[in-house]
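Welcome! Take a moment to turn the model around on your screen, and then let's walk through a few of its features together.

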Amino acid sequence: MAPSLCFHNGKFYLNFTANDTKKTYLFSADKAEGPWQRHDIEGFYHDSSLFFDDDGSVYIVYGNTTLWLTQLSEDLSGPKQGGLHRAIIEDDKDIPLGYEGSHMYKHDGRYYVFTCHMHSRDGGRKTEDCFIADSLDGEFKGKCIINDDMGYHGFGVAQGGMVDTPDGRWYCFMFHDRGALGRAPALMPMTFDGEGYPVVGIDGKLPFEAENTSTRPEHIYAPLNGSDDFSAGQENAGRNGLNRFWQFSHNPDNTLWSITERQNALRIRTGKLSAGLSQARNVLTQRMTGPHCAAEVTVDGTQLNDGDFAGLCAYECCFGFAALTREDGKYYLVMRAKPAKNDTFFGDFDYDAPGEEYARIPVDSPVVTLRLEAEFDDMRDRSEYFYRDGGEWKQLGITHKLNFKMDYFTGCRFGLFCYSTKETGGAADFMDFRRFGTKERGQMDKKRAKIAVVFFSLLAIVLFLVSHVMIYEKAWIACGAFFSLGVMAQALAIKYVSKCKKAE
């Protein structure tokens, strides 16, 4: 949980804890792309981060409500015998969330701790505080530096730290909870006040936009998501041959997937039985983006066994998917989804749940094209699923509500999957994955546009009829007003007819 990445003396360090094993893990590498070496740190350090001091000593800051600072041995294997170990900051009791997610820095000879909490006096939203001390054994004094939800449903911007550029500029980086979309990174210019405290925005209120000058203006950054034809040897491919914007849901079993067994296709083969999507191995995912996004993929299920499912999903705790399945040698399209048990942030933790089945239709061919659309603006957090029938998209199943919860603790992602419920060894091929952004929303827009066409057309008819009645009543002003409104409604109907055509 809450991994921390730092760079010191030419080496990268990534540390995190796991609540289930109660262990602290450390990975190190000479280059960000790896290879990474694993080391365990003795002890369990909640929401921890490393701090390397100028004299070469290393510390770990961690905790919830009470924040601790512990000196580590030179090899980072555990606490240093006789080293510094002390509580440095104590939060109020009986608040929704005490201090955690802490990061330590040194600036102008003083020690800084960034930490976040959720206090009742702030309406329970997450805020960021900063504490400063002249020495590691001295008193840490602090105050709130960010208290702003940026107008988004009480979700505060918090839990990060600070970074400087080679030319001396300082930035504060945090994240902002955005519902099912997940946690969006936020980078903001930062200065220091007369006491040395970070100043972000104005009175803790953040800018919606900020200018930044690139330190590498010639560098071409790889995309964070995109379409893929799964051809071998792509320019943006990583060491495994896949585009870098893909990530597997679990540590992959590399013997059970391939982009070379069939040209221009991703093949996923099953190697274990799974109760549902959450237990499936080798789900290939990429992050969704807001406020709207969509994806399409063609699935060839010729090699599916009875009880296999292969398709396109919204991958998160309350998942939804459209999939091809086979039963008694016949093929079906199904839409399944896992509804949330409640509206809270806390997880359901039912990883074996197969989801509810909301639609099942027989299909003649084992090759189908599926589409998923997601909408996140203003916490709508919903998804819809479609299949191609000839030249037309048809909705499959329900509009499914998406949720961000602690059992997955990650934003919603597109996922390509194949899993078995009866026997292993089945496979599916995925071809021509296409991702669409906000300007290419498709079927959700088309459906709303059709409703708008009907509404404004009927409204125009009613208004024209009323204007004719006003003629008989000789109410000329009212007649003109209703006629003008009718013309406006008619124009809006024509506008939405055009939107329908664009969404085809």
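## Hidden spaces

Searching the whole structure, which is a predicted model, turns up three cavities of 30 Å³ or more. Rolling a probe the size of a water molecule over the atoms is what shows where empty space is left.

The largest cavity holds about 60 Å³ of space. To find it on your screen, look for its lining: Leu256, Arg269, Thr270, Gly271, Lys272, Ser274, Ala280, Arg281, Cys418, Tyr419 and Ser420. Which strand gives the most to this lining? That is β30, spanning residues 413–420, with three residues. Sorted by class, the lining of the largest cavity is made up of four nonpolar, four polar and three charged residues.

## The second largest cavity

Next comes the second largest cavity, with about 40 Å³ of space. Around it you will find Ser278, Cys317, Phe319, Lys338, Asp350, Tyr351, Asp407 and Tyr408. By class, four residues of this lining are nonpolar, one is polar and three are charged.

Now look for a sheet. Strands of a sheet pair through backbone hydrogen bonds, either parallel or antiparallel. Here, four strands make an open sheet in the order β13-β14-β15-β16, and their pairing is antiparallel.

Strand β15, which covers residues 183–192, pairs with β16 in the antiparallel sense over three bridges. In this region, Met190 stands opposite Val200 of β16.

## Two cis peptide bonds

Let's turn to the backbone. The peptide bond that runs from Gly34 to Pro35 is cis, with omega near 5°. Pro35 sits in the loop between β3 (23–29) and β4 (37–41).

Another cis peptide bond links Gly290 to Pro291, and its omega is near 0°. Where is Pro291 placed? You will find Pro291 in the loop between β20 (284–287) and β21.

## A buried histidine

Strand β21 covers residues 292–300, and His292 belongs to it. Is His292 buried or exposed? His292 counts as buried because its relative accessibility is 8%, and the cut-off for buried is under 20%. The side chain of His292 also has a polar contact, at 3.4 Å, with the side chain of Asp377.

## Positive phi angles

Thr65 has a phi near 75°, a positive value in a residue other than glycine. Its place is the loop between β6 (58–64) and β7 (66–72). With a relative accessibility of 16%, Thr65 counts as buried.

For Asn282, phi is near 65°, again a positive value in a residue other than glycine. Asn282 is part of the loop between β19 (266–269) and β20. How does Asn282 count, as buried or exposed? Asn282 counts as buried, because its relative accessibility is 1%.

Notes:
Residues numbered from 1 in each chain as written. Predicted model: local features only at pLDDT ≥ 70, side-chain atom pairs only at ≥ 80, totals over all residues. Heavy atoms only, no water. 1 Å grid on protein atoms, 1.4 Å probe; cavity = no way out; pocket = protein on both sides within 12 Å on 5 of 7 lines; lining within 4 Å. Points joined across faces, edges and corners; volume = space filled by probe spheres on them. Helix = DSSP H or I, 4+ residues; strand = E, 2+ residues; numbered from the N terminus. Nonpolar A, V, L, I, M, F, W, Y, C, P; charged D, E, K, R; others polar. Buried < 20%, exposed > 50% of the residue type's maximum accessible area, 1.4 Å probe, protein only. Polar contact = N/O pair within 3.5 Å; in protein donor to acceptor, adjacent residues only side chain to side chain. Pairing = 2+ DSSP bridges.
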